[in-house]
Amino acid sequence: MISQSTSHFKQRRLLAACAAALLAGASLPAASQQTAWPTKPIRLVVGFAPGGGTDVMARALAQALTESLGQPVIVDNKPGASGNLSAAEVVRAAADGYTILVAPTSVETANPYLFKSNLLPSRDLTPVMGIGRMQMYVVAKPTIEAKNIKDLVALAKSQPGTLNYASSGTGTAPHLAGELFKQSTGAAITHVPYRGSAPALQDVMAGQADFAFDPGIAFPHIKAGKVKLLGVASDRKSPFFPDAPTYADLGIKNASLDIWFGVWAPKNLPADITERLSRELTKALAAPALKERFNSLGAEPVPLAQPGFRKLLADEDKILSTLIKDRNIVVE
């Protein structure tokens with residue numbers, strides 16, 4: 001005869017086993033979901049027109065990710081407001097890994113201070129990782145009486161207000177680089193905004209503008225002698241012009257500004273998708289064909305994992321927010 005207490009003990013064991021089985025079964029869909037991503041096409045949203053630097057980088061990444069993930073990765077251009085329209089598109093998307101933003105870091109570190117908008121990428125998006133950088137180069141008209149950036153500063157101080165620099169537009173990276181340069185050196189130079197880096201460079205080559213902070217499109221013109229390379233607007237040596245003097249070489253401090261690019265996703269992207277996407281991007285950036293494509297733009301593929309990317313964004317935000325406020329830079 002089985003005692004009542006023994007019967008109750010067996011019942012409890014049976015209930016516990018059933019509960020464990022139910023829990024194990026409940027965990028299966030989550031586990032399979034983690035390993036299943038992606039199961040459909042992925043959209044890379046770009047805030048600039050086709051053919052520009054950000055677009056070319058995104059397309060190179062899309063091709064590499066399509067091959068490694070086994071799903072189509074499609075570039076979707078949403079130009080406008082220096083990348084704000086594309087960022088807003090990603091903010092509205094589901095946090096499932098199928099809508100991703102490729103943009104310069106300025107979308108998070110400069111735009112909130114330049115535009116009147118409710119968008120705040122540092123709050124509304126998940127930074128996944130940095131993917132690369134461009135340096136800017138101080139290029140001048142061939143007839144300028146300066147051999148390097150230090151000579152340019154001396155020339156500007158000897159003729160206050162007479163020199164001008166062309167940029168791709170108010171609030172763009174070349175404009176902000178010029179303002180940092182003025183702030184650091186005390187050179188009195190005039191900013192002349194253009195609608196893009198190409199027309200700005202054209203006027204430098206034609207002698208209508210004195211110099212520019214160029215993001216790499218001047219490379220063939222430097223080699224052809226159509227513009228004069230005075231140096232690198234960075235503390236770091238250029239891999240493309242290793243003999244060109246840098247700010248650090250010339251003793252110019254607190255003026256360095258590289259253009260970084262990164263990948264963001266909607267807020268609260270699951271950690272497993274973030275990690276998988278970061279791994280795949282890192283692998284893509286190591287491919288020789290992608291490096292060659294980036295280099296053709298004057299850019300370097302540089303994988304920067306999420307912790308380092310967050311720090312880069314925070315440091316850049318501190319520099320640019322102060323600069324924009326102190327210089328009262330406003331985009332009309």
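A salt bridge here is a side-chain nitrogen of Lys or Arg within 4 Å of a carboxyl oxygen of Asp or Glu. The model is predicted. By this rule it holds 15 salt bridges.

**Stop 1: D258 and R236.** Select both residues. Their closest N and O atoms are 3.3 Å apart, so under the 4 Å cut-off they form a salt bridge. The partners sit in distant parts of the chain, 22 residues apart. D258 lies in the loop between α11 (247–250) and β10 (259–266). R236 lies in the loop between β9 (228–232) and α11. Now colour by accessibility. D258 is at 15% relative accessibility, so it counts as buried. R236 has a relative accessible area of 23% and is partly exposed.

**Stop 2: K141 and D210.** Move to this pair next. Their side chains meet in a salt bridge, 2.8 Å from N to O. Which parts does the pair tie together? K141 is in the loop between β5 (137–140) and α7 (149–158), and D210 is in the loop between α9 (197–205) and β8 (211–214), so the bridge ties together parts 69 residues apart in sequence. Are K141 and D210 buried or exposed? Both are buried.

**Stop 3: E89 and R92.** Select these two. A salt bridge joins their side chains, at 3.1 Å from N to O. R92 is exposed, with a relative accessible area of 62%.

How values were computed:
Residues are numbered from 1 along each chain as its sequence is written. This is a predicted model: local features need pLDDT of at least 70, side-chain atom pairs count only at pLDDT 80 or more; totals for chains, interfaces and linings use all residues. Side-chain values use heavy atoms; hydrogens and water are left out. Buried means under 20% relative accessible area, exposed over 50%, partly exposed in between (1.4 Å probe, protein chains only). Helices (H or I, at least four residues) and strands (E, at least two) are DSSP runs, numbered from the N terminus.
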